[in-house]
Each structure stands twice: as C-alpha cells, then as structure tokens.
Amino acid sequence: MVLTNQGHLIRLRQTVPDDAPILLRAYQDENFISLFRSNNAQQTEEQLRKILANRLENEPSKLGHVEFMIEHKKHGPIGVALLGDYTPVHQRAEYLIGLFDESRRSIGYGTETTLLVLELAFNFYKLHKIYTYVYDYNEWSEKSTIKFGF
C-alpha cells in the first residue's frame, strides 16, 4: 500500500513512533484539537509511540485508518492528515486534516495536502467516497470542505 505522496511544497508520509512528541504536543493543544478531533483521548508520549509502532506493523485496512504527517519542504512537520473509518470493502473513508500552527493555515498548504490525500484515496486505494465532518464553530474548515466539493 502506498503510504507517501509528494507535491510541490508538501510531502505526506505515514506517521512513525519518532513523531510522538510532535503529535502529543498537537493533541494537548486545545486550540488545535478542538478543530481537528475534539474526542481525542489523553495519552502519554510512550503510549503514543506504542500506538504508532503498532500502526507500522499492520495494514491500514486492518486498522481502519491511515494517518499521514504533513511535512513542508522548508518548515518540516506542519500538520497531520487522516483517512479514518477506512473500509476498502465499502470503498470509503472520512478525511481529517489539521495544521498545527495557525500561521500555516489559509496559505495553500491545506489545499495541497488535501489534493495529495485525495489522489492516494481515489487513485491508489480505489476508494469511491470520501466524506468529512465539520464542527459548526469551524468556519475555515467549512469553507475548505465546500471548496473541494464535500
């Protein structure tokens, strides 16, 4: 299964155990997590490392999701994207994206990331349906998802 994709400024790759400190910082940031996934369980860095290691040992189809680190050419890791509720049998998944730093939003990085994820989803994973949920207070996300036809 293809777990990486490269664009002009953005590279997607599967999250790995060494990403635990970056992800933990994001998951503990109320501003980030309230926009990305408000029901995130609290974890220690060691617990998160174990979860990420387990993901490497199993196919995303078995886990039901695939998580990507969003890396910028110059700035390094800037966010996370996820195909959740991934079911190859039903050929669908839920799309989530979160850019860690507010200064990285609304300047095209999310757009490039979304195009890279959708390319993987439709052309490599052979999914037929990608859906997303938006919290009613997240106006930026609503505009973005409408822009992409969700």
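**Pockets and positive phi angles**

Student: By class, how many nonpolar, polar and charged residues does the lining of the largest pocket have?
Tutor: Keep in mind that this is a predicted model. Sort the lining of the largest pocket by class and you get 15 nonpolar, twelve polar and four charged residues.

Student: Okay, and how much space lies in that largest pocket?
Tutor: Its lining takes in 31 residues, with Leu 35, Leu 96, Ile 97, Trp 140 and Ser 141 nearest the centre. The space in the largest pocket comes to about 550 Å³.

Student: Which element gives the most to the lining of the largest pocket?
Tutor: Start with the elements that give two or more residues: helix H2 (30–36), strand E5 (92–99), helix H5 (109–124) and helix H6 (139–147). The top contributor to this lining gives six residues, and that's E5.

Student: Moving on, which residues lie nearest the centre of the second largest pocket?
Tutor: This pocket has a volume of about 160 Å³. Its lining is made of 14 residues, and the ones nearest the centre are Arg 37, Arg 55, His 65, Glu 67 and Leu 82.

Student: And which element gives the most to the lining of the second largest pocket?
Tutor: Helix H3 (45–57), strand E4 (76–87) and E5 are the elements with two or more residues in this lining. With three residues, the one that gives the most is H3.

Student: How many charged residues are in the lining of the second largest pocket?
Tutor: Let's go class by class. Six residues of this lining are nonpolar and four are polar. The charged ones number four.

Student: Where is Gln 91 found?
Tutor: Gln 91 isn't a glycine either, but it has a positive phi of about 55°. Look for Gln 91 in the loop between E4 and E5.

Student: Why does Gln 91 count as partly exposed?
Tutor: Anything under 20% would be buried and anything over 50% exposed, so the values in between are partly exposed. Gln 91 falls in that middle class because its relative accessible area is 27%.

Terms used:
Residues are numbered from 1 along each chain as its sequence is written. This is a predicted model: local features need pLDDT of at least 70, side-chain atom pairs count only at pLDDT 80 or more; totals for chains, interfaces and linings use all residues. Side-chain values use heavy atoms; hydrogens and water are left out. On a 1 Å grid over the protein atoms alone, a cavity is a set of points where a 1.4 Å probe fits but cannot get out, and a pocket is an open set with protein on both sides within 12 Å along at least five of seven lines; lining residues have an atom within 4 Å of a point. Grid points are joined across faces, edges and corners, and a volume is the space filled by probe spheres set on the points. Helices (H or I, at least four residues) and strands (E, at least two) are DSSP runs, numbered from the N terminus. Ala, Val, Leu, Ile, Met, Phe, Trp, Tyr, Cys and Pro count as nonpolar, Asp, Glu, Lys and Arg as charged, and the others, Gly among them, as polar. Buried means under 20% relative accessible area, exposed over 50%, partly exposed in between (1.4 Å probe, protein chains only).
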